[in-house]
Amino acid sequence: MSTQRQARAVRLGPRSLAALALVSAVGVAGFGWPFLAPPTSRLSAHAQDAPWLFAGLLVLLVAVVAAAISESGLGPKAVAMLGVLAATGAALRPIGAGTAGIEPMFFLMVLSGRVLGPGFGFVLGSVTMFASALLTGGVGPWLPFQMLAMGWFAMGAGLLPGPDRLRGRAELALLAAYGFLAAFAYGTIMNLAGWPFMSALASNVAFDPHAPVATNLARFLAYCLATSLGWDLGRAVVTVVLTLTLGPAVLRALRRATRRAAFETPVTFDTPPDRPGSEAPHMTRVTYEAGP
């Protein structure tokens with residue numbers, strides 16, 4: 001069993017961790033405000049406007065987090081890998097468009113977050129969802145919520161235990177279990193983003209800003225069962241199947257690319273010696289650190 005420390009494309013510093021914690025806290029409020037705000041609050045009085053306000057705020061905060069993480073060490077090599085993986089994920093997403101749960105991009109986000117770490121995973125998930133929205137024309141008030149949710153999804157894979165030592169079937173089982181549960185979690189929190197847009201008069205499963213929390217919770221569970229359970233189950237199953245079948249090859253490829261990129265290795269350049277016959281021939285070694 002290998003015990004070599006796995007390289008990370010991005011090392012999260014105090015500033016990026018603080019920014020990530022801030023945007024996650026605001027994201028929790030943005031997703032869960034129907035259960036956090038009492039019926040008598042001003043927020044509940046503007047139930048149709050609140051999702052738009054949170055969407056605008058999340059756009060700014062996700063950008064701040066991406067900038068903070070980039071400042072903490074997203075070098076040229078990591079940017080190149082980010083571009084390749086984000087483009088691949090964006091290209092995979094339309095494959096299952098309109099088909100219940102066939103979304104192969106999710107397994108790529110899980111494996112990429114696992115190999116490249118939580119910081120890179122968050123940026124990759126957010127950028128991939130943004131790129132895929134531009135590719136498929138899926139730009140709307142739901143996009144910031146999708147970017148944040150996918151960032152959490154990929155970041156969570158990077159936080160799983162044993163990144164340096166766990167390999168083989170045990171690692172695949174861990175990633176498959178995470179992908180299965182996280183696929184349902186992603187669908188559930190995205191339901192929270194769209195559920196308040198429904199008019200309470202249109203359906204008995206819609207959000208009612210004047211109802212108590214227990215009533216709205218029952219409505220939300222019924223809404224999830226009626227609208228997204230089949231899709232979420234399909235997404236979870238596809239993620240598990242692709243992780244178990246293609247996972248070993250993809251993990252090897254990602255780890256090989258990570259080793260060759262040598263994100264954490266200093267880059268050195270040797271200047272040639274002085275011309276023959278010069279008074280003081282010498283060789284100068286200039287070292288540039290690849291990250292902070």
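Is the crossing of helix 1 and helix 7 left-handed or right-handed? I looked it up in this model, which is a predicted one, and the crossing is left-handed.

**Entry: helix 1 and helix 7**

I noted that helix 1 covers residues 14–36 and helix 7 covers residues 143–158. Their axes come within 11 Å and cross at roughly 125 degrees. Angles of over 145 degrees would count as roughly antiparallel and 65 to 115 as roughly perpendicular, so helix 1 is oblique to helix 7. I then listed who makes the contact: from helix 1, Leu20, Val23, Ser24, Gly27, Val28, Gly30 and Phe31. Helix 7 brings Phe145, Leu148, Ala149, Trp152 and Met155 to the contact.

**Entry: the whole chain**

Next I stepped back to the chain. I find ten helices and two strands in it, and reading along the sequence gives α-α-α-α-α-α-α-α-α-α-β-β. The chain has 292 residues, and 47% of them count as buried. I also checked the contacts with a separation of 6 or more: residues 24 or more positions apart account for 75% of these.

**Entry: helix 9**

Which residues of helix 9 are buried? My list reads Asn216, Arg219, Phe220, Tyr223 and Cys224. Seen down the axis of helix 9, these buried residues fall within an arc of 135 degrees, so they line one face of the helix. A reminder to myself: an α-helix has 3.6 residues a turn, so residues three or four places apart point the same way. On the other side of helix 9, I see Ala214, Leu225 and Ala226 exposed.

Helix 9 runs over residues 213–227, which is 15 residues, and at 1.5 Å a residue it should span 21 Å. Its end C-alpha atoms are 21 Å apart, so the expectation and the model agree.

**Entry: phenylalanine 197**

I found phenylalanine 197 in the loop between helix 8 (169–194) and helix 9. Its relative accessible area is 31%, so I call phenylalanine 197 partly exposed. From phenylalanine 197 to phenylalanine 207 it is ten residues in sequence and 8.0 Å in space, C-alpha to C-alpha.

**Entry: aspartate 232**

Leaving out residues up to four places away in sequence, I see aspartate 232 touch Ala183, Phe184, Gly187 and Thr188.

Methods: Residues numbered from 1 in each chain as written. Predicted model: local features only at pLDDT ≥ 70, side-chain atom pairs only at ≥ 80, totals over all residues. Heavy atoms only, no water. Helix = DSSP H or I, 4+ residues; strand = E, 2+ residues; numbered from the N terminus. Expected span 1.5 Å × (residues − 1). Buried < 20%, exposed > 50% of the residue type's maximum accessible area, 1.4 Å probe, protein only. Arc of directions from axis to C-beta. Axes fitted to C-alpha atoms, helices over the stretch in contact; angles between N-to-C directions. Parallel < 35°, antiparallel > 145°, perpendicular 65-115°, else oblique. Left-handed = near helix turned anticlockwise from the far one by under 90°. Contact = heavy atoms within 4.5 Å.
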